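Subject: Structure for your review

Hello,

Please find the structure below. My notes on it follow.

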2 protein chains.
Amino acid sequence: MTDETGGPVRPRRSRLRPLAPDRVRILDGFWAELQDRNRRAILPHIDHWLERAGWLGNFAADPGDRRGREFSDSEIYKYLEALAWELGRDPDPVLAERYDAIVARVAAAQQPDGYLNTWFGRPGQGARWSDLAWGHELYCLGHLIQAAVARARTGHPDDLLVRVACRAADLVCATFGADGLATVDGHPVIEPALVELYRVTGEPRYLEQARLFLERRGRHVLPEIEWGREYYQDDLPIREATVFRGHAVRAVYLAAGALDLADETGDGELLDAVTGQWRRTVARRVYLTGGIGSRHQDEAIGEDFVLPPDRAYSETCASVGSVMVAWRLLLAHGDPVAADLIERTLYNVVATSPAADGRAFFYANTLHHRAPGPPPDPDRPHPRPTAPVRAPWFDVSCCPTNVARTVAGLSGYVATSDDDGIQLHQYVTGTIDGRLTVTTRYPADGEIRVRVDQDSDEPWTLSLRVPAWAGDGATLTVGGHTWEAEPGYVSERRRWQRGDEALLCLPMMPRFTHPDPRVDAVRGCVAVERGPLVYALESVDLPDGMGVDEVRIDAETPPRLVDGRVVVRGRRISIADRESPYAAEPPSVVADDLGEIPLVAYHAWANRGPSSMRVWLPTD
Amino acid sequence: MTDETGGPVRPRRSRLRPLAPDRVRILDGFWAELQDRNRRAILPHIDHWLERAGWLGNFAADPGDRRGREFSDSEIYKYLEALAWELGRDPDPVLAERYDAIVARVAAAQQPDGYLNTWFGRPGQGARWSDLAWGHELYCLGHLIQAAVARARTGHPDDLLVRVACRAADLVCATFGADGLATVDGHPVIEPALVELYRVTGEPRYLEQARLFLERRGRHVLPEIEWGREYYQDDLPIREATVFRGHAVRAVYLAAGALDLADETGDGELLDAVTGQWRRTVARRVYLTGGIGSRHQDEAIGEDFVLPPDRAYSETCASVGSVMVAWRLLLAHGDPVAADLIERTLYNVVATSPAADGRAFFYANTLHHRAPGPPPDPDRPHPRPTAPVRAPWFDVSCCPTNVARTVAGLSGYVATSDDDGIQLHQYVTGTIDGRLTVTTRYPADGEIRVRVDQDSDEPWTLSLRVPAWAGDGATLTVGGHTWEAEPGYVSERRRWQRGDEALLCLPMMPRFTHPDPRVDAVRGCVAVERGPLVYALESVDLPDGMGVDEVRIDAETPPRLVDGRVVVRGRRISIADRESPYAAEPPSVVADDLGEIPLVAYHAWANRGPSSMRVWLPTD
């Protein structure tokens, strides 16, 4: 074992270095509350459903009694990853015991040669590796490995789960190596997992196997399907693609693996290729919330600028993967666009998925919901991941465990270091690397106070991210001097002494945001944001019986903050039906002033009963 | 046999009476060309594919060799219906021989008790009536009956196909009668078919069976499914619904049956209910083209005002069914809105589906196609009915045969009579009821000349439809007097003499059409229409390499006609990518004048190679 720390990813050559998970503590505020909700409610809720649905039981069950879909093993592994990060934050003995018990159940199901899967390989089941396009065998093992990596990086490099993962990885290398089965899994994730396991163990075969998988894909090694091979990124070699495409979760997991490989092999061409794909994707295929995926049918990203709010699939898992990619690019390039996207995505998709009570989840994260509809049964798994409701569990329940592992590992995304100092990317009250204490109410307000906790003989640089939206009016104050801070990173290099303070002030007035005119679906609309938060109009804040689609916004009057709520001025329109919605003249519109209408932070919508909601608001 | 004539529908109590098919001849112009293309190309193309795909062969094949989907029998029946109408127009002996040969193959497959289906009931197949929700058994029989009705109404009341249909209908009555299986088929069409067969034969059991099916549906007699029981209109009894909903084709076929039942039983309550549902549907759920269905996933109509052009499913078959419904309502009420919708739908969906050469078809009729893409293989059935391309055949190939039967029977929709005279609803060069000759180039121009061919001792009323879009400037000239004609029906009652003429002039300047502001998806856009035709911008008419999404229209300059083409003024915009499509200010837009850009009639798009296309054009 060569590396026992490193957070969610531990690159070798990157410009910035991640801090080990135990070097960052989130102590209060938005993310602390979410981490607390994760431990207190989300993790027990997941545990309950994994048992109830029988997916945990599958590891000991007769093959004929196996329950759930072919990929259900992966939910156990993502849950274990969440527990690993959580135990790294706080080694609670009850939680540790539960973790060990589940790992023991998993380990007991591993075959002597390392094979581990409850859907294939036993009497009455399909043969091992017999359905790589759809069987998710390597996908499940990828998540197993990610869980093991999390465990190794939180102080348990010799954990049983790490040994189980290595045995499974050894079998994968023996089976799919240069002389083995020359194909790939329909769903990527084994790729970043194997590079990460290499980083943890130093075993070069894992890196080589990741390279083989990445180079094979895109050469039509998987079957042609109705949606085209771009669905699983088998249409084009990753070096030749120009944009993320196809199934959104598959696309971002694959990109994460390619970035890990590029880092470990010093492959600048591959890094440049994926960086370029990502830039075009962010410029053309990402929702305001940071979500990706506008196609329900194949859970796919969709075409440039095709970002209809009411069809936003914006799967929670795709955003988890998008954060994985952006984090790797932030490390590789120090690019503030990547840090901005991580912030946008965490606040507006990852934090949106779980309900306020932690017991229901959005799978898809729509930006426009027209008809309130009844709430889902809280005691039944939901068959439709596409429905715009938070449900307790899904038949395809990838999102709750993905939220749990991401939230448990959030401290990994806060700060980095390089030879010259420390960079703060996300703002949370907490401690950084034993050297800094951050105090802030962000995003409730824009004051971020960074106190230095150690004397230093040498000068070093403190860098603070100024988000792109803070282009006008951000300031940094150090030692009584204040200066304007442009978007990007504002840096101060000095011989910092204990008790020194830097105060970053970000302008937190609510603001209108305009879309690119090439986005057909939101023409004539504005959105409202404040700091990193996207806001939404929710019908529970409107007069009785009124729906959000009846509102027109006064775009000449900027939104403002009133008693802590973001409000906009608007009117209620009413239009009498004509024989047809189409005519030589638009219909006459009766408009009544609504005064100031309160909005809700998008992540908090749908927590007050059924409602209609919209993010993009038509203007008068 | 009590009725040997009556066109596509023959109501008992309606305000207007249809003319028998042989009483209207379409002799020249748009619809004559399409009928000619139907006979010359579409029907042989269908015949070729029905043999090649093996769906015709199924009637004699071993059960184990059966090919195609569970509903493929229905394509043979719709083809037979098309042949029946076509033989009614012109009893070509070669075509008649082919018709008889196919009927003989069908008849030979009928069981002694009347059962007829190639998917169920034989050794190795599912039992009869074992999967009513999805098996389409009664659906297939419904189309068999419709074909038989067409044959009876075109002078062959004792045709073998009529006898086959009656035996099948007798079995249906015996099986699903008041004391039989108390359920319905998942896909309506048996309902209007049984009423129509009653009209042809006078057999009251058929009417009663239609009534039982219509009254049973909506009471949760079919299983709950992912999309909800509204998918097959089993969510609400038809008398309680307020709008068409669920699977579009199912919805309109069912409504047609309800209107037939209401007519035959004098059930004003049922007539009012369906009329109200239709009015709300037309006011809120219909595309500019007349198409319905905005949801690909369940081929469903979708919610009020949710009419995204790029997601327009607008299935060809749904428009065929919509015409069936509107025609029944036109007969029942004399409502010009229904006649307008028939015209809009025939010109802009039914005529859009077949390619110019009659050898490929749109299944879905999108209103916005962003990426040209390659044309489909002309020699292979297409797996994806949802793709925005014309394909030679589909695995689910309901649309080509539906186009064929509708086009072959078009003369049935042109005119009606009542005790007071004749009503012209659609304008074609041709002869009407031996009493009128119509000469027109419509829709190429707006002059419609109606010449009277018989002397009359008694006064009678000639009524001509003035479409809603012709609200400003339509005139009628009779006997040297000209007066303005308001939308609706303009009537002239006189003692008409042979050689008298009425000249209707409809204003045919191209015009902008504005959408209801509640249609989110086309905010800030206009469409262009001329007469009954919707126009589209197609990239083959733009400078090389330019896509339709780069165009912005000058909405201050009305479209005009230049050398026979409709043109608009527009600019080409270009926008440099920013890091994100969202910002406090919209991006700067560089715009270059494009001068006048030619548009294409929507029905004719995609006939000049791959292109992008849009109907709704963003304005500057």
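The side chains of A:Arg98 and A:Asp47 form a salt bridge, with N and O 2.7 Å apart; the term means a side-chain nitrogen of Lys or Arg within 4 Å of a carboxyl oxygen of Asp or Glu. A:Arg98 belongs to helix α3 (residues 93-108) of chain A and A:Asp47 to helix α1 (residues 30-52) of chain A, so the pair ties together parts 51 residues apart in sequence. Helices (H or I, at least four residues) and strands (E, at least two) are DSSP runs, numbered from the N terminus. A:Arg98 is partly exposed, with a relative accessible area of 23%, while A:Asp47 counts as buried at 14%. Here buried is under 20% relative accessible area, exposed is over 50% and partly exposed is in between (1.4 Å probe, protein chains only).

This is a predicted model: local features need pLDDT of at least 70, side-chain atom pairs count only at pLDDT 80 or more, and totals for chains, interfaces and linings use all residues. Residues are numbered from 1 along each chain as its sequence is written, chains are lettered from A and ligands numbered from 1 in the order in which they are written, and side-chain values use heavy atoms, with hydrogens and water left out.

Other salt bridges

Over all chains there are 134 salt bridges. One of them joins A:Arg17 to A:Asp419 (3.0 Å, N to O). A:Arg17 lies in strand β1 (residues 17-18) of chain A and A:Asp419 in the loop between β4 (415-418) and β5 (421-424) of chain A, so this pair connects parts 402 residues apart in sequence. A:Arg17 is partly exposed at 32%, and A:Asp419 is exposed at 75%.

In chain B, B:Asp260 and B:Arg328 form a salt bridge whose closest N and O atoms are 2.8 Å apart. B:Asp260 sits in helix α8 (residues 248-265) of chain B and B:Arg328 in helix α10 (residues 316-333) of chain B, 68 residues apart. B:Asp260 is buried at 1% relative accessibility, and B:Arg328 is buried at 7%. In chain A, a network of salt bridges includes A:Asp260 and A:Arg328, with A:Arg12 and A:Arg153 among the other members.

A buried charge without a partner

B:Glu137, in helix α4 (residues 137-153) of chain B, is buried yet has no salt bridge. The nearest side chain of opposite charge is that of B:Arg128, 6.5 Å away; Lys and Arg count as positive and Asp and Glu as negative, with His and the chain ends not counted.

The two chains

A rotation of 180° with 0.0 Å of shift along its axis superposes chain A on chain B (RMSD 0.0 Å), by least squares on the C-alpha atoms of residues with pLDDT of at least 70 in both. That is the relation of a two-fold axis. In chain A, the C-alpha nearest the axis belongs to A:Ala521, 2.7 Å from it.

A:Arg523, A:Pro581 and A:Tyr582 supply 17% of the area that chain A buries against chain B, more than any other three residues. The interface has 8 salt bridges. B:Asp577 and A:Arg518 meet in a salt bridge at 3.0 Å, N to O.

Regards

Methods:
Buried area = accessible area lost by both parts, 1.4 Å probe.
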